Amino acid sequence: EDGFSDHTQMPKDTLHDGLIAPGFDEGSCLSRYQSNLYRKISPHKPSSYLLSRLRNYEHLHKKCGPRTKSYKAAMAQFKSSDQGNSSVGGSTECKYVVWISYSGLGNKILTITSAFLYALLTNRVLLVDPGKDMADLFCEPFPEHSWLLSKDFSIKEKFNKFDQKSPHCYGNMLKNKKNTSSELVPSFLYLHLAHDYDEQDKLFFCDEHQTLTGKVPWLIMRTDNYFVPSLFLMPSFEQELEKLFPEKETVFHHLGRYLFHPSNHVWGLITRYYQAHLAKADERIGIQVRTFESGPSPLQHVMNQIYACVFKEKLLPQVDKQKPAVTAPSGIPKLKSVLITSLTSGYSENMRNMYWEHPTVNGDLIGVFQPSHEGHQQTDKNLHDRKAWAEMYLLSLCDVLVTSAWSTFGYVAQGLGGLKPWILYKPENQTMPNPPCRQVMSMEPCFHAPPFYDCKAKRGVDTGALVPHVRHCEDMSWGLKLV
Ligand code: GDP
């Protein structure tokens, strides 16, 4: 079908099912108003409660965001305690979650989403450390005031020094039994929620610990994990989350489309590529190849795994190696475009050659395209990150997805696209897994390092077996995801 004639006339307030607030300048962020020309209408509608909470959030952000009176007041308190004064927090009008820029781009998108949901649940304002690339990659998601932390934020240079051993690290304070009595509320806390966090850091996910953290004006968070599933296991957030997301597997689908609009640079990369290579196809198949194996090249067994998966699941046709050409195709042949993303070019070269050298058994025509092959991860290099974001987005515009185990790059694509991909199991010992892939239960990302702790009983528990909507992931047996 022709993707360009659809809903261009749609009134702006109904765009993205009401996820987008009115009042943005169109030219500064073309993707916000043009993405509906490329993306199919989502069958998943945000709840009216979510929409009203987002509008409330925008109101709060306007009141508390950078350069406002409230922000300056909160900042003054922060600065005085940062300079060693034992000033206590708790009295500021606005409270904040500060997200520290950390890890690869897929991870960043998932952790900002987690931090935003936490902010929404606790009536805080989300502020994003711009790092090297945030302003270059994304439009502002909230009207009027920026979500980027202003340059005068005094602790910015110290972000790198925040770790589990910092005196302001909540887990560390618990270890030293310091300052955690509820009378003494510090003006800021560092929350270490990265993959290497320990037992005490994980207590953040226990309700009784939210009593103190809830009073602290500045929560500064470092994480490389999509921790949303654990928020769903906290009784204090249960009712609110039920109202926000009656359909549990849509958390990232809605919040991701609300927060992440490609900047005009990235939008150019996306739209030029889409129009040149994908728009005319009858069907678009995205294949995201990400390998985490060290040692010899995984090309051969991963290539075999991809073919085994797409043929078994009938996502792409087999080729006929006996015939030089198809004589009379049975029906009208389809044109299918395969979009392969990978750091290396071997997979797409192999597939492109196969479909050129041999006819398909059903006469379908297959074009194989790969936008870039960057060689290795180069996080925080401008053009590299732009391409990574453009490729995640292009994958999300496909009709069918095949993704790699363990990769947040793939999770972002599936969530934005509202797609349930076939996930390629992680190969062990240089061999192709059997079965090669399976379709996932839900389009939600996987939380790779969840706590396994029963806060009430104070002992270990399988957090993937407590409620029907929080399950272990398909690609990582100890991970948790919403279904
Ligand atoms: P993850 O490591 O797969 O969970 O995904 P991340 O996005 O967090 O980190 C991987 C980073 O490697 C990406 O952000 C890119 O910088 C780079 N990368 C990995 N795969 C690709 C790819 O297929 N295309 C491009 N352009 N970059 C990639």
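**Close-up views of a predicted model**

**View 1. Helix α16 (residues 408-417) lies across β5 and β8, at about 160° to β8.** Helices (H or I, at least four residues) and strands (E, at least two) are DSSP runs, numbered from the N terminus. Axes are lines fitted to C-alpha atoms, for helices over the stretch in contact, and angles run from 0 to 180 degrees between N-to-C directions. This is a predicted model, in which local features need pLDDT of at least 70 and side-chain atom pairs count only at pLDDT 80 or more, while totals for chains, interfaces and linings use all residues. Residues are numbered from 1 along each chain as its sequence is written.

**View 2. Six strands form an open sheet with mixed pairing, in the order β7-β6-β5-β8-β9-β10.** Here β7 (365-369) and β10 (437-439) are the edge strands, each with a single partner, so one side of each has no neighbour in the sheet. Strands pair if DSSP finds at least two bridges between them; β5 and β8 (residues 400-404) do so in the parallel sense over three bridges. Ile285 has Val400 as its bridge partner in β8.

**View 3. Val289 sits in the loop between β5 (283-288) and α13 (299-312).** Val289 is buried, because 26 other C-beta atoms lie within 10 Å (buried means 20 or more, with C-beta atoms placed from the backbone). Leaving out residues up to four places away in sequence, Val289 touches Val302, Ile340, Thr341, Ser342, Tyr347 and Ser404, where contact means C-beta atoms, placed from the backbone, within 7 Å.

Note on methods:
A residue is buried if 20 or more other C-beta atoms lie within 10 Å of its own, exposed if 12 or fewer, and partly exposed in between; C-beta atoms are placed from the backbone. Two residues are in contact if their C-beta atoms, placed from the backbone, lie within 7 Å.
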